[in-house]
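Let's take a friendly walk through this structure together. Have a look at the fold before reading on.

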Amino acid sequence: MKHLIDIKDLSVQEIDELIEKAKSLDYDNAINFIGQSYLNGKVYKQDFKKAFECFSIEAARENEYACYKLGFLYSQGLGCPQDNQKSLEYYHLILSSKLAF
């Protein structure tokens, strides 16, 4: 039986410990979770640059969710200079070849 954790019941320190454990186990979505947490400001203080850095790590691994998020960040100029060309490149990665969102 799996035990699910409601992160609303955890402190930021406890969440950080779980994320570090997941990262050490090579759980790719841990970095996406950190990026999303910085993007929406619900776990960590909102920081678009840190969100951009997290999604960049996973996009380099061809993670489709991270590519989608980078496309969004580039299109809005959040955490990076606005660049519609780079935004489209990340969206095209999702639509082409082996990346299927």
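Which helices are among what covers the buried residues of helix 4? Helix 2, helix 3 and helix 5 are included in that cover.

## The model at a glance

Please keep in mind that this is a predicted model. The mean pLDDT of the protein is 84, and 84% of the residues score at least 70. Confidence is highest in helix 4 (residues 64-76), at a mean of 96, and lowest in helix 1 (residues 12-24), at 74.

The protein holds five helices and zero strands, giving the pattern α-α-α-α-α along the sequence. Of its 101 residues, 32% count as buried. The accessible surface is about 7000 Å², with 54% of that belonging to carbon and sulfur atoms. Among contacts between residues at least 6 apart in sequence, 37% join residues at least 24 apart.

## Helix 4 and its ends

Back to the helix from the opening question. Helix 4 has 13 residues and spans 19 Å from its first C-alpha to its last, close to the 18 Å expected at 1.5 Å a residue. Its buried residues are Ala 66, Cys 67, Lys 69, Leu 70, Gly 71, Leu 73, Tyr 74 and Ser 75.

Both ends deserve a look. At the start of helix 4, Asn 63 brings a side-chain oxygen to within 3.1 Å of the backbone nitrogen of Tyr 65. After helix 4 comes Gly 77, which has a positive phi, near 70°.

The whole structure contains five aromatic pairs. In one of them, the ring centres of Phe 52 and Tyr 74 are 5.3 Å apart and the planes stand at 90°, so this pair is edge-to-face. Because Phe 52 belongs to helix 3 (residues 48-60) and Tyr 74 to helix 4, the pair ties together parts that are 22 residues apart in sequence. Both Phe 52 and Tyr 74 are buried.

Tyr 74 also forms a stacked pair with Tyr 90, with 6.0 Å from centre to centre and 10° between the planes. Here Tyr 74 lies in helix 4 and Tyr 90 in helix 5 (residues 84-95), so the pair ties together parts that are 16 residues apart in sequence.

One more stop is Ser 37, found in helix 2 (residues 29-40). Is Ser 37 buried or exposed? Ser 37 is buried, since its relative accessible area is 3%.

A polar atom of the Ser 37 side chain lies 2.8 Å from the backbone oxygen of Phe 33. Setting aside neighbours within four places in sequence, Ser 37 is in contact with Lys 42, Val 43 and Tyr 44.

Notes
Residues numbered from 1 in each chain as written. Predicted model: local features only at pLDDT ≥ 70, side-chain atom pairs only at ≥ 80, totals over all residues. Heavy atoms only, no water. pLDDT = per-residue confidence, 0-100. Helix = DSSP H or I, 4+ residues; strand = E, 2+ residues; numbered from the N terminus. Phe/Tyr/Trp six-rings, centres within 6.5 Å; stacked < 30°, edge-to-face > 60°. Buried < 20%, exposed > 50% of the residue type's maximum accessible area, 1.4 Å probe, protein only. Contact = heavy atoms within 4.5 Å. Areas by Shrake-Rupley, 256 points an atom, 1.4 Å probe, with all protein chains shown as cover. Polar contact = N/O pair within 3.5 Å; in protein donor to acceptor, adjacent residues only side chain to side chain. Expected span 1.5 Å × (residues − 1).
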